[in-house]
Amino acid sequence: MLRFLNSFWYNFKEYIILTVLVVLSLFIISQNHSPAVQRVRAIAFGAFASVTSVVSDIFNIKSLKKENELLRETNAKLMLQLSKLREAAIINEELKNLLALKDTSGYPLIPANVISKSLSRIQGTITLNVGKSDSVKVGMPVITDKGLAGIIYSVSNNYSIARTLQNVDLKITVKDERTRENGLMKWNGENLVIINVPKTFQIKKGDRIVTSELSSLVPFPIPVGVAAGSNNIETGIFNEINVVPFVDFAKVENVFVLKTVASKEIDSLELNFLKKFQ
Amino acid sequence: MKINYIISILIFIPVLIIQTTVIPLVSIDQVVPDLILILLVYYSVTEGQIYGTVLGFIYGFFFDIVTGSLLGSTIIAKTVAGFVAGYFSSENKIDIYLMFFNFGLIVFLCALIDQIIYSFFSAFDISSNIFLIFFQNAFLPAFYTALLSMIVIIFVPKKRIL
């Protein structure tokens, strides 16, 4: 028996090792959401990010001049927009007072730099140089001047990883700004798509898509992209709407983390409501 | 053997830093070459199949844990890629396999397998266009990686010093 095992090992050791490692990999995949794995991951990427931030800074210096020019131009445009918005804000304030609406704006922003990227077409992630010490928490939205870039997924003391919109594991409730119709947006490996959109919905090409207030991740509207037509699914009652994101994930360097997480109060209220009817 | 593993892991660290900081700058429509795979194939060809399989597992583990991708998806992809690359490991033919065109073809094959497995575990969706996903997520990155590997191998001495 021992001789048989010995000869079996000698003849097939490559395949045995491959099988063991593949089984081990599958086990690791199943342990992804375990808190212990999350803790190890936070420590590991925190240590790695402190090294990559140095390298990233070196490469960023070259692009600073060009970026400065762009920022000056953006600044001028924003100044013009600001004056228009001030006018609108005054009118808005009056109307709000009339309707006794609660002001929900004014979320603080945490500036951050992207220090490394995983530009996979499936699982896009970016590492930011802000973490727990800057009050960053899991679930906070990451935005640029153009719109939503992603959601914080893992946090260490000084660094954090955000899933970009080009990540199959990130799904966000969005709405058409014009028609106010809601839908679930996800990355399907090729495009950003709003899935299971009833064919009766009036979402048209060119419509601005923003995050929905129904979202448990982003509680107020942030621009996401523009609708780029439907994937005409002939059968069934649902359509898929393609969305072109405003943010260019390959070029994103400076971002803001929006210091807000979905209200626990709302979550618990909804949960209690569901439990009541189960 | 153990020292070889330590050296290959030490070399992996700067390669991983370059992969996550510099390589995105040379992406073409979000298609990026995989430097880690090139290193893995090189070690599999020069050190053997078992070495390549184990090293693929280690490289995949470190990559997954620091980049935030689904833990295990890169591990399984790199393990199998290292195993396949190991088929091209032969004492007598190392010099032939490390010639720039041959090495490029081996890297292309391994990158294709690596990317297909990675895509399967991280984004398998029956409603998606499988052919398009295969082309965008596997073929294009594999081709880019193979091209880069041909450039890299020119500067690597044929006698193994890494």
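The model is predicted: local features need pLDDT of at least 70, side-chain atom pairs count only at pLDDT 80 or more, and totals for chains, interfaces and linings use all residues. Residues are numbered from 1 along each chain as its sequence is written, chains are lettered from A and ligands numbered from 1 in the order in which they are written, and side-chain values use heavy atoms, with hydrogens and water left out.

At this interface, 46 residues of chain B are in contact with 44 residues of chain A, contact meaning heavy atoms within 4.5 Å. Between the two chains the count of salt bridges is 0, a salt bridge being a side-chain nitrogen of Lys or Arg within 4 Å of a carboxyl oxygen of Asp or Glu. Polar contacts link 7 residue pairs across the interface, both residues at pLDDT 80 or more. A polar contact is a pair of N or O atoms within 3.5 Å; within protein, one must be able to donate a hydrogen and the other to accept it, and residues adjacent in sequence count only if both atoms are side-chain atoms.

The elements of chain B that give two or more residues to the side touching chain A are helices H1 (2-21), H3 (49-67), H4 (73-86), H6 (100-123) and H7 (130-154). Of these, H3(B) gives the most, with 10 residues. Helices (H or I, at least four residues) and strands (E, at least two) are DSSP runs, numbered from the N terminus. The residues on this side of chain B divide into 25 nonpolar, 18 polar and 3 charged.

Chain A holds a barrel of 6 strands, closed in the order S1-S2-S5-S4-S3-S12 with antiparallel pairing. Two strands pair if DSSP finds at least two bridges between them. Strand S3 (residues 141-143) and strand S12 (residues 254-258) of chain A pair in the antiparallel sense over 2 bridges, and A:Val142 stands opposite A:Val257 in S12(A).

Another 6 strands of chain A close into a barrel in the order S6-S7-S8-S11-S10-S9, again with antiparallel pairing. Strand S9 (residues 208-211) pairs with strand S10 (residues 223-230) of chain A over 3 bridges. Here A:Arg208 has A:Val226 as its bridge partner, and A:Ile209 stands opposite A:Gly225. S10(A) also pairs with strand S11 (residues 238-245) of chain A, over 4 antiparallel bridges, and in S11(A) the bridge partner of A:Val226 is A:Val244.

Over all chains, the structure holds 6 salt bridges. One of them joins A:Asp207 and A:Arg178, whose closest N and O atoms are 2.9 Å apart. The two residues are 29 residues apart in the chain: A:Asp207 lies in the loop between strand S8 (192-198) and S9, and A:Arg178 in the loop between strand S6 (171-176) and strand S7 (182-187) of chain A.

Definitions and conventions:
Nonpolar A, V, L, I, M, F, W, Y, C, P; charged D, E, K, R; others polar.
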